[in-house]
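Subject: Structure handover

Hello,

Here is the structure I promised to pass on. Please look at it first, then read my notes below.

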Amino acid sequence: MVKEFLKNHIDNKIQQYLDIVEVMILVLDKKGKIEFINKKGCQILGYSEKKLLGHDWFLLIPKKQRSMIKSTFNKIINKQVKPYEYFENQVLTKNGKEKTIKWHNSVLYDEKNNVIGTLSAGEDITKKKNSEKKWMESQTNYHILLQTANDAIFIADAKTGIILEINKKAEELTGKTREELIGLHQSKLHSKTDAKNVIKQFKASIEHKKNIVTGIYVKHENGSLIPVEISSSITTYNGKQVAQGIFRDISERKKTEKQLIESEKNLKRAQELTHIGSWQLDIVHDKLIWSDEIYRIFGLKPQEFKATYKEFLERIHPEDRGKVNKAYSDSLKNKTSYQIDHRIVLANGKERIVLERCETEYDKAGKPYISTGTVQDITEQKKAELKVKESEEKLAGLFENMTNGFAYHKIIVDEKNSPVDYVFLEANKAFENQTGLKRKKIIGKTVTKVIPGIKNANPDLISIYGNVALTGNDEKLEVYFAPFKRWYSITVYSPRKNYFATVFDDITKRKIAEESLKLKVKELEEFNKIVVDRELKMMELKDQLTKMKNEK
């Protein structure tokens, strides 16, 4: 059902726009299988379109969110809940990394109003999430095209307006039988409000031999009003001059037009939220069309003036104007798409940074005739990236120049979840100086390979580190590291489960000094004991001499 829907509703022009737009466009069937994904979606996920089509979408959702999202999806499909208009979740890319996507969702229906799948526009907000912990909702919708209705035929007497003949579709349209319709005045097919207009249009048909009427409703037997488009003409039937009316049920068209208007509103709203505008340049007639959001990006009121390529160039920062014009000219010359960051200057003198993308179509002779592109305001993103870069540089400087040794690790456990080893992930220069181990030779390797005798020399160390990594409880200890013949004071903490960091100082000199002090204290104690013993003996001898004198 979804494949048929996509085939009927996505032409080359819409396909081209969906492939150039900077959001993921995703269509799922009722089982959650991918039926359509645009180029941006493939780029975000890291897979080819061929690999993704028919793939279970929920396998691309992290396990921690998968059951919840799948359950919600099934409830939407079964009409138990309304779809969330805006939603954020993570997706898994081909390389195993998670990306955060902000979705704009809608439900797809067939002509009988049965749910056949979902349509989602998703914006990759991972960078902004990592730098600012937020990213504005991004979303886009694409248009639902008209659906063709069946035709009902009524033949009425040109003079009296009495119905003389009908077809099967006329019965379906009105809910009346053939017997009920034959002999009925054609105005009785409509509501009282439309009846006068219908009589007027019927007379016009007789006068002009042909007429097309819209905005008319046919009254169904069940009381509902069905919008129709009537094409009437004068002909001869059974020797009589008759008016033949072809009634086209445009209910689906009206419904589609309403959806189309709503979709356009949603698209404009999504562009406003994501600060992504679209444009199209008719090269042959030098006609440029901007979406409302581009006007807003340039600090203008929507459709404030008729956009031209010259006007566009004048609003680019003078230092960037040449490279932007060259990028477009080169793309036409080389028949390639392009993207470029550049500055624009608003009427108030303020500057903004935009990301512009463009693709061009060429005729059979190879001449360009139409360019389509997008403009995205990335000012805040650039500011955030600059702040992150400055912060990272400061952090890197602190990391490299700190006097404490620092190393970051991942614990390895066995099938019983007991720590058995750990991997070096990062270390600073002080670590190299205090251990003699070089970062290039240990990063990505286990400690048992880097220091083969560690389990014998320090049998409890891996267990202590593992307990910190698994429980999050900090530890502080002093250990003698036999492989290096050094003493270390180590503080161990876990920034997240299964990982731990060590901050340590080489306290070997202090320990040697402490041991030396202990020996001196011991020697002094022994010396004092000898002196005391000697004094006691002298006192004892004096007592004996005194006693001997007294006896004499």
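A residue counts as buried when its relative accessible area is under 20%. C42, at 11%, is therefore buried. C358 is buried too, with a relative accessible area of 2%. A disulfide would need a pair of cysteine sulfur atoms within 2.5 Å. On that cut-off, the count of disulfides is zero.

Please keep in mind that this is a predicted model.

**The chain as a whole**

The protein chain has 552 residues, and 41% of them are buried. It has 20 helices and 20 strands. Take the contacts between residues at least 6 apart in sequence: 49% of them join residues at least 24 apart.

**The sheet from β1 to β5**

Start with an open sheet of five strands. Its order is β2-β1-β5-β4-β3, and the pairing is antiparallel. Which strands stand at the edges? They are β2 (34-37) and β3. Each has a single partner strand, so one side of each has no neighbour in the sheet. On average, neighbouring strands here are turned by 30 degrees against each other, direction ignored.

Inside this sheet, β1 (residues 24-29) pairs with β5 (residues 115-124). The two are antiparallel and share six bridges. M24 stands opposite G122 in β5.

Helix α5 lies across β1, β3, β4 (98-109) and β5. It runs at about 135 degrees to β3. Between α5 (63-77) and β3 (86-92) there is a loop, and K79 lies in it. K79 is not a glycine, yet its phi is positive, about 60 degrees.

**Strand β11 and its partners**

Next, look at β11 (residues 276-282). Five of its seven residues are buried, so the strand is largely enclosed by the rest of the structure. It pairs with β15 (residues 368-377) over seven bridges, in the antiparallel sense. There, S278 has T374 of β15 as its bridge partner.

β11 also pairs with β12 (residues 287-290), again antiparallel, over four bridges. Q280 has I289 of β12 as its bridge partner. β11 and β12 form a hairpin with four residues between the strands. In that hairpin, D286 takes a positive phi near 50 degrees.

Another positive phi turns up at K335, which is not a glycine: about 55 degrees. K335 sits in the loop between α13 (318-334) and β13 (338-345).

The order is β17-β16-β20-β19-β18, with antiparallel pairing. β17 (419-427) and β18 (475-481) stand at the edges. Each has a single partner strand, so one side of each is left without a neighbour in the sheet. The twist averages 35 degrees from one strand to the next.

Six bridges join β16 (residues 405-413) to β20 (residues 499-506), and these strands run antiparallel. F500 in β20 is the bridge partner of H409.

Helix α19 (residues 461-471) packs on this sheet. It touches β16, β17, β18, β19 (486-493) and β20. Its direction makes about 75 degrees with that of β17. Which residues of α19 are buried? They are L461, I462, Y465, G466, V468 and A469. They cover an arc of only 160 degrees around the axis, which puts them on the same side of α19. In an α-helix there are 3.6 residues a turn, so residues three or four places apart point the same way. After α19 comes G472, with a positive phi near 85 degrees.

**K455**

What does K455 contact, leaving aside neighbours within four places in sequence? The contacts are V420, T448 and I462. V420 is 35 residues away from K455 in sequence, and the C-alpha atoms are 9.4 Å apart. The side chain of K455 reaches the backbone oxygen of V420 at 3.2 Å.

Over to you.

Note on methods:
Residues are numbered from 1 along each chain as its sequence is written. This is a predicted model: local features need pLDDT of at least 70, side-chain atom pairs count only at pLDDT 80 or more; totals for chains, interfaces and linings use all residues. Side-chain values use heavy atoms; hydrogens and water are left out. Two strands pair if DSSP finds at least two bridges between them. Axes are lines fitted to C-alpha atoms, for helices over the stretch in contact, and angles run from 0 to 180 degrees between N-to-C directions. Contact means heavy atoms within 4.5 Å. A polar contact is a pair of N or O atoms within 3.5 Å; within protein, one must be able to donate a hydrogen and the other to accept it, and residues adjacent in sequence count only if both atoms are side-chain atoms. Buried means under 20% relative accessible area, exposed over 50%, partly exposed in between (1.4 Å probe, protein chains only). The arc is that of the directions from the helix axis to the C-beta atoms.
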